[in-house]
Amino acid sequence: MNEVTDADFATEVIGSELPVLVEFTADWCPPCRQMAPVLRAVAAEEAERLKVVQLDVDHNPETTNAYKVLSMPTFMVFRGGEPVKSMVGARAKRRLLEEIADAL
């Protein structure tokens, strides 16, 4: 799973041909750490249809503020350069896949 930054967000997420699931995360956030294996599994299973990336909110305030992210973890699905879905909080893999299915 790749990490993105303020510097490469436009290229990696906005410019992606595939839909992108972005996790806005932080080192100090226990639910974020809990999501790491779930996101790795989703990234592996959906590699053909979905790109999965993380953005550290503490090191990338520009992007975090631009999308008004206040809670961690926040998940956003971007398609065609636009955010099409936003979810807050840790969740099971099956629930995450169900929630993003309509955005893929």
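Visitor: Is Glu 99 buried or exposed?

Guide: Glu 99 counts as buried because its relative accessibility is 18%. Buried means under 20% relative accessible area, exposed means over 50%, and partly exposed lies in between, with a 1.4 Å probe and protein chains only.

Visitor: Before we go on, where do these values come from?

Guide: This is a predicted model: local features need pLDDT of at least 70, side-chain atom pairs count only at pLDDT 80 or more, and totals for chains, interfaces and linings use all residues. Residues are numbered from 1 along each chain as its sequence is written, and side-chain values use heavy atoms, with hydrogens and water left out.

Visitor: Which side chain meets Glu 99 in a salt bridge at 3.0 Å?

Guide: That is Arg 91, N to O. A salt bridge is a side-chain nitrogen of Lys or Arg within 4 Å of a carboxyl oxygen of Asp or Glu. Arg 91 counts as buried, at 9% relative accessibility.

Visitor: And which one meets Glu 99 at 2.7 Å?

Guide: Arg 95, also by a salt bridge. Both Glu 99 and Arg 95 lie in helix 4, 4 residues apart, about one turn of the helix. Helices here are DSSP runs (H or I, at least four residues), numbered from the N terminus. Arg 95 is partly exposed, at 42% relative accessible area. Shared partners join Arg 91, Arg 95 and Glu 99 into one network of salt bridges.

Visitor: What does Glu 98 pair with?

Guide: Arg 94, in a salt bridge of 3.2 Å, N to O. They are 4 residues apart in helix 4 (residues 93-101), so about one helical turn separates them. Arg 94 counts as exposed, at 62% relative accessibility.

Visitor: How many salt bridges does the structure hold?

Guide: It holds 6.

Visitor: New topic. At what angle do helix 2 and helix 4 cross?

Guide: Roughly 55 degrees, and the axes of helix 2 (residues 30-45) and helix 4 come within 10 Å. Axes are lines fitted to C-alpha atoms, for helices over the stretch in contact, and angles run from 0 to 180 degrees between N-to-C directions. That makes helix 2 oblique to helix 4. Under 35 degrees is roughly parallel, over 145 roughly antiparallel, 65 to 115 roughly perpendicular, and the rest oblique.

Visitor: Which residues of helix 4 meet helix 2?

Guide: Lys 93, Leu 96 and Leu 97. Contact means heavy atoms within 4.5 Å.

Notes: Helix = DSSP H or I, 4+ residues; strand = E, 2+ residues; numbered from the N terminus.
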